[in-house]
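Thanks, everyone, for making the time.

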Amino acid sequence: MSSDQPSNKKKNAFTIIKDDSTDGHGGYGAGTISLENMSSVIVDPNENKAYVDMGAMHARSDVERRVKWINDKNEVPNGKLYWIVWVNVEQGENGPYYAGVTGCEIRVDREIKRAYKSMAQHVTYMEKSLKGKIIVEHMDEQSQKLLKDFLVNFNEGMWNNSTEELKNALPQ
């Protein structure tokens, strides 16, 4: 394949959502929180994989589509477990690092086209990730390992620059 041919391979990148809310104009959007350094990682313990899906930033990731959302987990008893992990990247003295990492549970039952998620938790955890918090202790061990492997493999330098709190929160 020549280099000018488009690749069918899906890019696995931390996409930056750019906004201009702090450009000084003081108009619409002034004072809003910037999501410029935030990405959403889907951890799928069912398929043993983790990947970036920026659609989750607007509740439109592949796993979130084509289902009716219910805020009672008991109504989705056979739902498959997924985690949407909000990852915030900051610039430190040694370079960029994973500053905030928070995991939110979702359960999806494609058979009945129903799914569970707590919107309040997603909003809260997104905000906590932006503030540099690490909240992954409630994730199952397999999902934590998938997340760690993804973060290390995505950019080992950012992993190495990250805090001991994050490194200790994910299995060795």
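I will begin with the overall layout and then turn to the salt bridges.

What we are looking at is a predicted model, and in it the protein has 4 helices and 7 strands, which run from the N terminus as β-β-β-β-β-β-α-β-α-α-α. Of its 172 residues, 42% count as buried, and among contacts between residues at least 6 apart in sequence, 64% join residues at least 24 apart.

Now to the charges: side chains of opposite charge can pair when their charged atoms come close. The count here comes to 6 salt bridges, and I will take three of them in turn.

In one of these, Glu 105 pairs with Lys 73, with the closest N and O atoms 3.2 Å apart. Because Glu 105 lies in strand S5 and Lys 73 in the loop between strands S3 and S4, this pair ties together parts that are 32 residues apart in sequence. Glu 105 counts as buried at 14% relative accessibility, whereas Lys 73, at 36%, is partly exposed. These two residues also belong to a network of salt bridges that takes in Arg 107.

The other two pairs each sit within a helix. In helix H2, Asp 149 and Lys 145 are 4 residues apart, which means about one helical turn, and their salt bridge has an N to O distance of 3.0 Å. Both are partly exposed, Asp 149 at 33% and Lys 145 at 42%.

In helix H4, Glu 164 and Lys 167 are 3 residues apart and meet at 3.8 Å, N to O; here Lys 167 is buried, at 15% relative accessibility.

Note on methods:
Residues numbered from 1 in each chain as written. Predicted model: local features only at pLDDT ≥ 70, side-chain atom pairs only at ≥ 80, totals over all residues. Heavy atoms only, no water. Buried < 20%, exposed > 50% of the residue type's maximum accessible area, 1.4 Å probe, protein only. Contact = heavy atoms within 4.5 Å. Salt bridge = Lys/Arg side-chain N within 4 Å of Asp/Glu carboxyl O.
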